[in-house]
Amino acid sequence: MESITEISENDNLIIKGNNLLAISSLLKRYEGKIKCIYIDPPYNPNSFANTFAYNNTFNRSSWLTFMKTRLEIAKKLLTKDGVLIVAIDKNEQPRLQMLIEAIYIEYDVDCITVIHNPRGVTGTNFSYNHEFAIFVTPKGKKSISDRQLTPEEVDWKPLRNWGGESKRTDAKNCFYPVIIENNKIVGFGEVCPDDFHPNQTEFMDGKYYVYPIDINGIERKWRYARQTVESIWEMLRTKKTKTGFDIEIGKTFGMHKTVWINPKYDASVYGTKLLKSIIPNTVFSYPKSVYTVIDCINAVVKEDNNAIVLDFFAGSGTTGHAVMEINKDGGNRKFILVEQMDYIETDTLQRNLTVMKSICPHSNIAYFELAKLNQNYVDVIEKATTDKELIKLYGDILNTGFISYKVNPKEIDIDSDDFQNLSLDNKKKLLMELLDKNQLYVNYCDIDDETFSISDKDKSFTKSFYGERNK
């Protein structure tokens with residue numbers, strides 16, 4: 001990786017740091033500019049035996065508060081036609097949807113069921129094989145693109161009219177040739193003069209000219225006039241007949257349904273196995289199928305080649321991978337991924353660098369971290385395993401940390417029986433309470449303060465991010 005001094009508008013971003021602070025930091029540059037936010041937050045299961053690498057053990061009220069603060073900022077980042085998508089399972093889906101409906105009052109909220117585990121996970125009475133994707137769309141607006149139908153779903157019918165008012169004389173501008181070359185439609189001829197009476201299929205200069213004439217030789221009309229037929233070109237196909245060709249029309253697109261069933265959504269095959277093929281030693285045991293994320297995001301950004309997609313629960317980096325796959329259509333969509341855990345370097349970043357080299361070699365990824373202050377102590381406290389470590393940390397925090405105004409250290413006696421009798425987890429919580437949470441990272445306004453030892457290169461990079469390089 002190369003060192004960078006400024007952010008380009010063409011860069012994809014991967015940011016390491018607390019996601020609440022990170023997305024708050026994005027507001028100045030990206031408020032009202034994000035077309036799609038896709039997040040896969042901790043599912044908050046009832047059991048500690050979960051398969052996710054990040055902290056997934058919030059109690060219910062804390063989890064909802066945790067989500068509320070982030071969803072409120074996410075709303076500010078969305079464009080006017082932007083869409084929020086939240087992946088969730090049965091544990092918190094009802095409460096999360098109520099929370100979203102309370103925050104996103106001007107939006108429609110639809111809950112999509114995705115069959116992601118065909119084998120199912122056995123519960124007490126049922127085997128669960130699905131999870132949810134909550135789509136939050138601007139109320140009353142068509143924000144979700146139509147999906148491409150599978151060949152089996154397309155209902156093909158003749159382009160030629162039949163029955164009442166289907167003759168050539170009923171609409172003269174609907175009688176013209178459809179031109180075929182190498183079994184493909186390559187164009188459309190002009191409306192024919194009234195005195196021109198061709199065969200149903202004519203061959204001339206290596207091309208076939210097909211007219212709306214039925215098997216009885218009756219001149220009829222196409223269902224679309226010459227001036228509009230090119231708008232439905234992609235819905236047409238050729239059909240070989242004994243005497244030449246016929247033309248069929250089929251609606252190849254349609255609205256997304258509320259239940260998604262497809263083998264490509266299998267998280268085991270297109271999540272776990274796929275990720276292991278890229279990162280053999282990944283810490284993630286059951287990531288999303290990349291195709292689930294592709295279809296969710298593409299439903300929003302399909303018609304916007306320059307859309308920005310944000311995921312502030314980046315995990316293994318599936319969202320970045322999905323955006324690059326979507327860009328195979330020639331688009332220039334960008335992604336912003338935020339993740340706090342250390343696996344961001346070994347999994348999230350490496351996965352997206354590998355995918356980028358494979359399918360988007362001309363793209364760029366800018367990786368950077370929020371400058372830590374008290375977060376350094378948070379990291380060490382979480383990793384501590386002995387009382388001795390915590391006692392040393394207590395002294396370090398008093399000497400160099402930023403103490404919360406809510407706490408008076410003089411009232412804490414670490415030699416007392418009250419402290420000694422606390423469990424290791426409760427001792428950790430006590431030390432956490434000492435820390436000023438507003439000082440977890442260096443604030444932008446403080447980057448020139450020599451106390452924080454921010455390098456000139458990092459200062460320059462930060463100012464360029466906020467568009468203040470020359471100020």
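**Exercise 1. Determine how many cavities of 30 Å³ or more the predicted model holds, and describe the lining of the largest cavity.**

*Solution.* The count comes to 1 cavity of 30 Å³ or more, and the model in which it is found is a predicted one. As a next step, take the volume, which for the largest cavity is about 40 Å³. The residues that line the largest cavity are Tyr 38, Ala 87, Val 114, Glu 131, Phe 132, Ala 133, Lys 288, Thr 292 and Cys 296. Assigning these to secondary structure, one finds that strand E7 (130-138) and helix H5 (290-301) are the elements that give two or more residues to this lining, and that E7 gives the most, with 3 residues. Sorted by class, the lining of the largest cavity has 6 nonpolar, 1 polar and 2 charged residues.

**Exercise 2. Work out where Lys 16 is placed, whether it counts as buried or exposed, and which residues it touches.**

*Solution.* Begin with the position in the chain: Lys 16 lies in strand E1, which covers residues 11-16. Next, consider accessibility, where the cut-off for buried is under 20% relative accessible area; Lys 16 counts as buried because its relative accessibility is 7%. Then look at the side chain, which makes a polar contact with the side chain of Asp 342 at 2.8 Å. Finally, when residues up to four places away in sequence are not counted, Lys 16 touches Glu 339, Gln 340, Met 341, Asp 342, Ile 344, Glu 345, Tyr 367, Phe 368, Glu 369 and Leu 370.

**Exercise 3. Describe the second largest pocket by its volume, its lining residues and the elements that supply them.**

*Solution.* The volume of the second largest pocket is about 1,300 Å³. Its lining is made up of 41 residues, and those that lie nearest the centre are Tyr 367, Phe 368, Glu 369, Leu 370 and Phe 461. Two or more residues of this lining come from each of E1, helix H1 (19-30), helix H7 (343-359), strand E20 (364-369) and helix H12 (456-465). By class, the lining of the second largest pocket divides into 24 nonpolar, 9 polar and 8 charged residues. To connect this with the previous exercise, note that Tyr 367, Phe 368, Glu 369 and Leu 370, which are among the residues nearest the pocket centre, are also among the contacts of Lys 16.

**Exercise 4. Locate Asn 327 and decide whether it is buried or exposed.**

*Solution.* Asn 327 sits in the loop between helix H6 (318-326) and strand E19 (334-339). Its relative accessibility is 13%, and therefore Asn 327 counts as buried. Leaving aside neighbours within four places in sequence, Asn 327 is in contact with Asn 332 and Arg 333.

Conventions: Residues are numbered from 1 along each chain as its sequence is written. This is a predicted model: local features need pLDDT of at least 70, side-chain atom pairs count only at pLDDT 80 or more; totals for chains, interfaces and linings use all residues. Side-chain values use heavy atoms; hydrogens and water are left out. Helices (H or I, at least four residues) and strands (E, at least two) are DSSP runs, numbered from the N terminus. Buried means under 20% relative accessible area, exposed over 50%, partly exposed in between (1.4 Å probe, protein chains only). A polar contact is a pair of N or O atoms within 3.5 Å; within protein, one must be able to donate a hydrogen and the other to accept it, and residues adjacent in sequence count only if both atoms are side-chain atoms. Contact means heavy atoms within 4.5 Å. On a 1 Å grid over the protein atoms alone, a cavity is a set of points where a 1.4 Å probe fits but cannot get out, and a pocket is an open set with protein on both sides within 12 Å along at least five of seven lines; lining residues have an atom within 4 Å of a point. Grid points are joined across faces, edges and corners, and a volume is the space filled by probe spheres set on the points. Ala, Val, Leu, Ile, Met, Phe, Trp, Tyr, Cys and Pro count as nonpolar, Asp, Glu, Lys and Arg as charged, and the others, Gly among them, as polar.
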